[in-house]
Each structure stands twice: as C-alpha cells, then as structure tokens.
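User: I'd like to go through this structure with you, a few questions at a time. Shall we start with the pockets and then turn to the chain contact?

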Amino acid sequence: VIGERIDRLARRFVREDNYRMIVAPAIADLQYEAPRGRINRARAYIDVWRAAGAALLDDTVSDITRTFTRRSATSAATVAGGSLIAILALHVLILPWNWGFALQDEFELFALLVPSLVVSAWPAVMLPGAAVIARKHRAGTARAVLVGACGSGLVLIIAIDGGVTRTNQRFREIAVARQGHRGPLQPGPRERTTWDLAQRDDRASQVEVHARLALCASTIGWALVGLALARASTAALVALGVLAYGLMASVLSASPLGVTGPAWIPWIPTVTLFIAGAIASRGEPGHSTST
Amino acid sequence: MPESQLPSISQTEHLILDLLGIGERFGLELIAASGSRLKRGSIYVTLGRMERKGFVESWQEERHPSAIGLPRRLYRATPYGLKVVEAYRVLREALALRPSEATG
C-alpha cells in the first residue's frame, strides 16, 4: 500500500494525537490521490513528509516545554554546576604537577586556563544534568534531553571558536614569556578556530578538528548515559559527573591522537559512549512518545 | 483556557471556519474551495490546532471494510468555532466605526 513505510515511521516517532490529527490525514490524501497521476502523487508525497516533519517538530517543542520547566532546569544546572566546580577544584589541586604552577602564584594563568577546562568538562556534566531532568519520567523526556544535549554541543563549539582559542593563545604567550621566550608566538592547533583548522592540511590540525567535533558530539552520549541514571542520588550524580570527566580525559590523553592511525580516531570514545548510552537508556520510560 | 482570556483566531483559521460553515468537508476539499489560499503541506497542522482549540471536530470517513489504506478525515465547524467567528465579525464591525458614529 502506498505510504505504508512513512506510516510505520510516523507511528513510531510521532505522538499519537499528532499522528492522528496531522500525519494520518495526509497519508490518507496520498492514498486517495495516488491513482490520479504521477504529479498529484508526487505532490501528495511531499505533503506527507512536510506533515510528518511538522508533527515531529510540534512534538519536540511540546516535549521541550514540558520537560525544561524553570524548576527542572534549575535543579539540573545546580547538579551539573556542582560537578563542574568539583572538577575545577580538582584541577586546582593538581596544578603544580599538571601545569607546573600553584594557584596562589599564578592566578592569572589559572584564570586563562578555566575556559578550556570548562569546555573539556562540559560534555561530562551533561550526565548529572540529564539524570536530574529524567527523574520525572514523562513521555518525551528523552527526546527533549537529547535535543537539549545537541543544542549544548552547538553552544560548545561556538564557545571554543568564540573565546577559548583566544584564552588558550594568551595562556601560551604568558607561559612561554615566563620561560624567557621573546617575540611573536605562532598559534598551535588548540589556539586556532575550527574554520581556520579546517583550511589547513597538516595532520595536527585535522586531528584537532575531529577531536573538537567529537568532544561536542559526546554531549549526546553523556546525556544518554544520564537518562539511565535517573534513580541515582544527587551526591552520586555530582560524583559521577567528575568520574565521567576523569574517564574522558584519561581515554583522550591515553589514545594515540595525532601520532598513529587515521585523523578520525578521536571519534572512537564518542561513538563508544553513544552506543553504551543508547543501550543503557533503552527502555527507560522517558523514551516513550505516547501520551 | 482561562475564562478571562479571549480565544485567538488566525486568518487561516477564520477562512477554514468560513468554509466549514457551509458543511462538513475533507482536507483536500477545503484546499480546493479556498482557491489555493490554504496550503496542502500545512492544512492538517492548522486543523489539528483548531481541533485542540475546540473550533472544529473531525472523524474518519465511513468506508467499506475491504477498502485498502487509511480512511480520510472529515471536518466540521463546532458551534463554539462558529460563535468565535461571529464574535470577531461583530468586533471588527464595531472597531470599523468612527468614534463619532459610535457615540451616535
């Protein structure tokens, strides 16, 4: 029967009331018009896809509005912020070993390091944030959380290109100047914008582009893991956010980035995380699209 | 909807209610009757919204049990929808009056 495939897809992804009111009548029109020539059929096909898209958009907007209330957004931001502060505090403790200076001696350098640390930790703190949001199991919560994570990933890449590359460059300039180096300092891969890196042919730039995009995409993976941990306590979630960051940082620092293998290697942890998150959160009530 | 809030009605919704004032119709019939003012890609979104607002009601056409495919949907204006259209017509007429005419 014509339109059967899109009918199956729509029943799977569109909420029941929007399927009944928006998609099903468009499919019925397609089936009614199909015998009336190719042009009518083609137009009706386009209309069905447009109707399905509109229904899906309406579902998503309604899911987001219901899920991200002021109260739930504040709770999620508080728990995610708790993880972020704990991560920054840990970095303060390991500054002398990791970066060769103490906070009280080089506060300016640490301040320049903070944006880069926040950006690195941002995907991991999606885990506690998503878990808190998913505590109220409602139909469509998972979809809203994943859309939020996608948006968060986009904000991350904008933040990297908009400011973090500049603070990274300033950090390097000050650090190198204190070691006696004089004269202009050429920016490295971490100090260039993604667009700038994409124009360059060297391997380090290519790897950095992949690493940056994989980092931003990992927001979705961590959010998926968070959906499966909705029952954990707030303190446990804050700790899990820190652990998630530690795990991500260890995997990335241990992987042979830029040394051997293809430039897309940074995607491996992100894809693994995505698969693990999808399996873990499967069957959670928030995944349902029915009302 | 709170009682103090007036029901909102767009031009497209107004047009659909005008067309349904004559009787029940299918979506494609509404498009044909509108002279292309209603678009095929968005009509069911508008009709769905109107149904939620209580302006229209719909049901599936009756078909032979052996018919293949999905049944089409028929739409009819509700008394409430027609009342809203009428109320807005009266409001428009009242607002079209000049102040001198309104005070008599």
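User: What volume does the largest pocket have?

Analyst: Keep in mind that this is a predicted model. With that said, the largest pocket comes out at a volume of about 1200 Å³.

User: Which residues that line the largest pocket are the closest to its centre?

Analyst: There are 44 residues in that lining. Those closest to the centre of the largest pocket are S120(A), R190(A), L215(A), A249(A) and L252(A).

User: Which elements give two or more residues to the lining of the largest pocket?

Analyst: By class, the lining splits into 28 nonpolar, 11 polar and 5 charged residues. As for where they come from, the elements of chain A that give two or more residues are α4 (70-98), α5 (107-121), α7 (141-177), α9 (203-228), α10 (234-254) and α11 (267-281).

User: How many charged residues are in the lining of the second largest pocket?

Analyst: This pocket holds about 310 Å³ of space, and 18 residues line it. F68(A), A76(A), M126(A), G129(A) and A130(A) are the closest to its centre. Sorted by class, the lining has 14 nonpolar residues and 4 polar ones, and the charged count is: none.

User: On to the chains: which residues of chain A lose the most area to chain B?

Analyst: About 1800 Å² is buried between chain A and chain B, with carbon and sulfur atoms giving 56% of that. On the chain A side, three residues together make up 29% of what that side buries. They are M21(A), D29(A) and D47(A).

User: Which residue of chain A meets R52(B) in a salt bridge?

Analyst: The rule finds 4 salt bridges across the interface of chain A and chain B, along with 5 residue pairs in polar contact. In the salt bridge made by R52(B), the N to O distance is 4.0 Å, and the partner side chain is D58(A).

User: Which helix gives the most to the side of chain A that touches chain B?

Analyst: The contact takes 26 residues from chain A and 15 residues from chain B. On the chain A side, α1 (4-13), α2 (16-33) and α3 (38-67) each supply at least two residues. With 15 residues, the one that gives the most is α2(A).

Definitions and conventions
Residues are numbered from 1 along each chain as its sequence is written. Chains are lettered from A and ligands numbered from 1 in the order in which they are written. This is a predicted model: local features need pLDDT of at least 70, side-chain atom pairs count only at pLDDT 80 or more; totals for chains, interfaces and linings use all residues. Side-chain values use heavy atoms; hydrogens and water are left out. Contact means heavy atoms within 4.5 Å. Buried area is the accessible area (1.4 Å probe) that two parts lose on being put together, summed over both. A polar contact is a pair of N or O atoms within 3.5 Å; within protein, one must be able to donate a hydrogen and the other to accept it, and residues adjacent in sequence count only if both atoms are side-chain atoms. Helices (H or I, at least four residues) and strands (E, at least two) are DSSP runs, numbered from the N terminus. On a 1 Å grid over the protein atoms alone, a cavity is a set of points where a 1.4 Å probe fits but cannot get out, and a pocket is an open set with protein on both sides within 12 Å along at least five of seven lines; lining residues have an atom within 4 Å of a point. Grid points are joined across faces, edges and corners, and a volume is the space filled by probe spheres set on the points. Ala, Val, Leu, Ile, Met, Phe, Trp, Tyr, Cys and Pro count as nonpolar, Asp, Glu, Lys and Arg as charged, and the others, Gly among them, as polar.
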